[in-house]
Amino acid sequence: MLNVSDLSLKYSTSKDSFALRDIGFSVREGERIGLIGANGAGKSTLLLTLCGILSPLSGRISVDNVVLEKKTLSAVRQKIGMVFQNPDDQLFMPTIYEDVTFGPRNYGLPESEIEDRAETALASLGIVHLKNRLSHELSGGEKRLAALAGVISMRPSLLLMDEPSAFLDPMARHRLIEVLGGLSQTMLIATHDLDMALDLCKRVILLKNGRIFADAPAKELLCNADILNECGLMLPLSLSRHQPGNETQVAEIP
């Protein structure tokens, strides 16, 4: 599905300005992987590099055995769907339906298929009732689902998601987790929401200072307080123990 090797990226010419350094990992079809790390660890930068928005200094990215380079950029982007942290960056058409049909229409698909893709995407997320609404009329959670519908309508095989649960109230967050858990696409989810990563992902990649610090099963890595603390993170709230005089360094998952 996705293979990344020796990936490095700089934002300037300074020797110490690596945003990503020697990144290498693979993602199998159907996996849902959490991408975690403190602010500035390189999570968003990695996602933007994987979909070709940022150009690496060195390294190799391939999706379904197609190597990402200038001449293959369009083909690779048809395989990858990127959901940005701020849904307002993706919702720009007069109505939600027009947003959801925008991508398929740019593929030059027949109108009947465009309509089918849009209706299927909206229905899969439970937001058909929003199709004729304006984006500024929606709540934060509704906007996130609408932006996701626009990506799903293009039927990518890999979803890249940047902080999908940020700023959502508890009900909207719960709904989003349910929706993502029901999708078939392979996913790489950058998030500070470690509880969501624990709920959705069987594997987690931990970044620190632009490098992969750990790559392990979620139930092992997310309950290891020592490793998380070393990277500026804390245990998921569902695993935290705060009883006075009974602080635990490693939590057990039931």
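**Close-up 1. Cysteine 231, a buried residue of the predicted model.** The relative accessible area of cysteine 231 is 6%, which places this residue in the buried class (buried means under 20% relative accessible area, exposed over 50% and partly exposed in between, with a 1.4 Å probe and protein chains only). The closest cysteine sulfur to that of cysteine 231 belongs to cysteine 223 and lies 15 Å away, too far for a bond. This is a predicted model, in which local features need pLDDT of at least 70 and side-chain atom pairs count only at pLDDT 80 or more, whereas totals for chains, interfaces and linings use all residues. Residues are numbered from 1 along each chain as its sequence is written, and side-chain values use heavy atoms, with hydrogens and water left out.

Close-up 2. Across the whole structure, the search finds zero disulfides (a disulfide is a pair of cysteine sulfur atoms within 2.5 Å).

**Close-up 3. The largest cavity and its lining.** Lining residues include Val83, Phe84, Arg144, Asp162 and Glu163, where a cavity is a set of points on a 1 Å grid over the protein atoms alone at which a 1.4 Å probe fits but cannot get out, and lining residues have an atom within 4 Å of a point. Two or more lining residues come from each of α5 (140–152) and β7 (158–162), and α5 gives the most, with three residues.

Methods
On a 1 Å grid over the protein atoms alone, a cavity is a set of points where a 1.4 Å probe fits but cannot get out, and a pocket is an open set with protein on both sides within 12 Å along at least five of seven lines; lining residues have an atom within 4 Å of a point. Helices (H or I, at least four residues) and strands (E, at least two) are DSSP runs, numbered from the N terminus.
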